[in-house]
Amino acid sequence: MTALIHHFTFEFKTGLRNSTLLLMNYLFPLAFYAMMGLVMTQINPLFRESMIPAMVVFATMSSALLGLPGPLVESREAGIYRSYKINGVPAVAILGMPALTTVFHVLIVSIIIALTGNPLFGGQAPVDWMGFALVTLVAVLCCASIGALIGVIAKDSRAVVLLSQLVYLPSMLLGGLMIPLTVLPESVRPFAMLLPASHAMQAYTGLAYGQETALAPMGSLLVLISSGLLSLGLAIYLFNWDSRNSARRGHPLMALLALVPYIVALIVTL
Amino acid sequence: MKSYAIEVRDFRKIYGDFVAVDGVNFVVERGEVFGLLGPNGAGKTSTLECLEGIRQPTAGHLDVLGIDPARDARKLHALIGVQLQTSGLPGNMKVDEAMAFICAYHRTAPRYDLLDRLGLAEKRESQYEGLSVGQQRRLALALAIAHRPQVLFLDEPTAGLDVGSRTELHQLIRELQTEGTTIVLATHDMAEAEKMTDRVAILLRGRVVATGSPRELTATGDGFTKVSVRTEQSVLCTNGTEFPAVHQHSVKDDYAIYFSVDPGPTVSAILRYLEGTTDRLIDLRVERPSLEERFLEITNTGGVA
């Protein structure tokens, strides 16, 4: 237990000491939040209705998808995991601690957004704060697991950026942060439903704001939970201690199994 | 309890088409300092990393403290200490944090005294990326021995260290050996191997081509014993007298130098010769061939010397 506390404390400090992580965990999401609060609410007043959950999802993706995977790959490339292995640090802790500290960083930013969104920018506050907290926690855990999986399967530092963007950019465009799922063209909606951001926004809309949704909010929550668990399991299974050591338990393409809950949800909805 | 700490039998390691280690056998006794020597690419690091449980052997039997590293690496890692040749810690991890972190996973109290001992006292609040290469290696060593391992693997431990740190490290190795720690030392530094190890194995192209104590190894092969003589009138430097068993003769800095295949008769003949002259002996040195010379001899002949 002492080891895990040391590990968690160190990883948490890393999120503040490492300039890239500090940017992805705090500066980038909070600056974007401030900009959207100042500009977007003036351009499109309807944005105020979804501003708080949208900015929380944005902060989640920024930390978990852009911030988390890179250092995982860099550590593997730098031989840090080899040092960890010979000192008895388990793979679960190597993946779990950065993911868990990412969750904490995102929760801090989420609290800032949730508490200031209404007084500063007139963002609509949730009607059910418990629902809001539940969806936030599930969405953050899910995205952190996906981020860990991306970090595990990415071959090198260049590949990790591409893989992260593969999830991040579509989430920004189609995930319901700027444009609600219901407004998207019919032909695009199936693609949107393969993204965790879409399900997170649907779950917020239904469970935190009590509004009608295109997807069943509890179903979306279930998709996020199962996707998170599947991604974490796959990340642990596919974990590789060493960039130079090709001994991996499964092919990186196995990571696509993390899409199964989204595909099932898509089929059920159709 | 087995008398040996490590047993390597018919060990092979193959990467794709490249055979890195090809049927290596050796045993390391408990409490021994064992050197693994060899040129780059000889298979030293592959051997060490399989013994440490970092890599899987392709074939053969490996036993470290009764544990198969390939099957029970976690159990093994509690008993061994490893200073990797290329290892790292997170760049933003402070020296003190690293000690607390690693010791916590070994379920032992942090050994901050080791940081002081290895000259890192003033760097305890520094981040890993701010340390020099030598300081990083010293930290890696401190972390490797902090949990008092039974077997310690050191891969090029003194590379990049200054003379003071090197001497301190040698002293530390001696102390660890006195406490009963078995030490496996992979090094390019032949002087270090000769000074520190009880036995060595010389690896060449993935095979062990020689094993034995440094003394045994230097006593075999074609290595000549160097006999250097300095006299008051330098009579030996000028008259070119021949002595028995001498293979080669030269003069340097007022010393007459003889390379002898059998130093006993050579030295006796030199002393007898000087007794018959008016010259007076100032200095006489008899030096065995160094391990480095023997190593070069073995590796240059492809291991058949």
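A:V103 is buried, because 21 other C-beta atoms lie within 10 Å and 20 or more count as buried. This residue is found in helix α6 of chain A, residues 91-121. Which residues does A:V103 touch, not counting those up to four places away in sequence? They are A:V140, A:L141 and A:A144. A:L230 is 127 residues from A:V103 in sequence, and their C-alpha atoms are 17 Å apart in space.

The model is predicted. It scores ipTM 0.82 and pTM 0.80. Chain B averages a pLDDT of 86, and 95% of its residues score at least 70. Among the elements of chain B, strand β4 (residues 59-64) has the highest mean pLDDT, 94. Helix α11 of chain B (residues 291-300) has the lowest, 72.

**Chain B as a whole**

Chain B has 305 residues, and 43% of them are buried. Its C-alpha atoms fill a box of roughly 75 × 45 × 35 Å along the principal axes. The chain holds 11 helices and 13 strands. Take the contacts in chain B between residues at least 6 apart in sequence: 67% of these join residues at least 24 apart.

The domain assignment of chain B gives two entries. Domain 1 covers 4-79 + 149-219, and domain 2 covers 225-288. The C-alpha centres of these domains of chain B lie 40 Å apart.

| Sheet order (chain B) | Strands | Pairing |
|---|---|---|
| β5-β6-β7-β3-β8-β9 | 6 strands | mixed |

Strand β1 of chain B (residues 4-15) runs antiparallel to β2(B), and 9 bridges join them. One bridge pairs B:V8 with B:F26 in β2(B).

Strands β6 (residues 151-155) and β7 (residues 182-187) of chain B pair in the parallel sense over 5 bridges. B:L154 has B:L185 in β7(B) as its bridge partner. Helix α6 of chain B (residues 163-178) lies across β3 (33-37), β6 and β7 of chain B. The angle between helix α6(B) and β7(B) is about 150 degrees.

**Where the chains meet**

How many residues does each chain give to the contact? Chain B gives 23 and chain A gives 21. On the side of chain B that touches chain A, the elements giving two or more residues are α2 (73-77) and α3 (95-105) of chain B. The most come from α3(B), with 6 residues. By class, that side of chain B has 12 nonpolar, 7 polar and 4 charged residues.

Notes
Residues are numbered from 1 along each chain as its sequence is written. Chains are lettered from A and ligands numbered from 1 in the order in which they are written. This is a predicted model: local features need pLDDT of at least 70, side-chain atom pairs count only at pLDDT 80 or more; totals for chains, interfaces and linings use all residues. Two residues are in contact if their C-beta atoms, placed from the backbone, lie within 7 Å. Helices (H or I, at least four residues) and strands (E, at least two) are DSSP runs, numbered from the N terminus. Ala, Val, Leu, Ile, Met, Phe, Trp, Tyr, Cys and Pro count as nonpolar, Asp, Glu, Lys and Arg as charged, and the others, Gly among them, as polar. A residue is buried if 20 or more other C-beta atoms lie within 10 Å of its own, exposed if 12 or fewer, and partly exposed in between; C-beta atoms are placed from the backbone. Domain bounds come from an automatic or database domain assignment. pLDDT is the predictor's confidence in each residue, from 0 to 100. Two strands pair if DSSP finds at least two bridges between them. Axes are lines fitted to C-alpha atoms, for helices over the stretch in contact, and angles run from 0 to 180 degrees between N-to-C directions.
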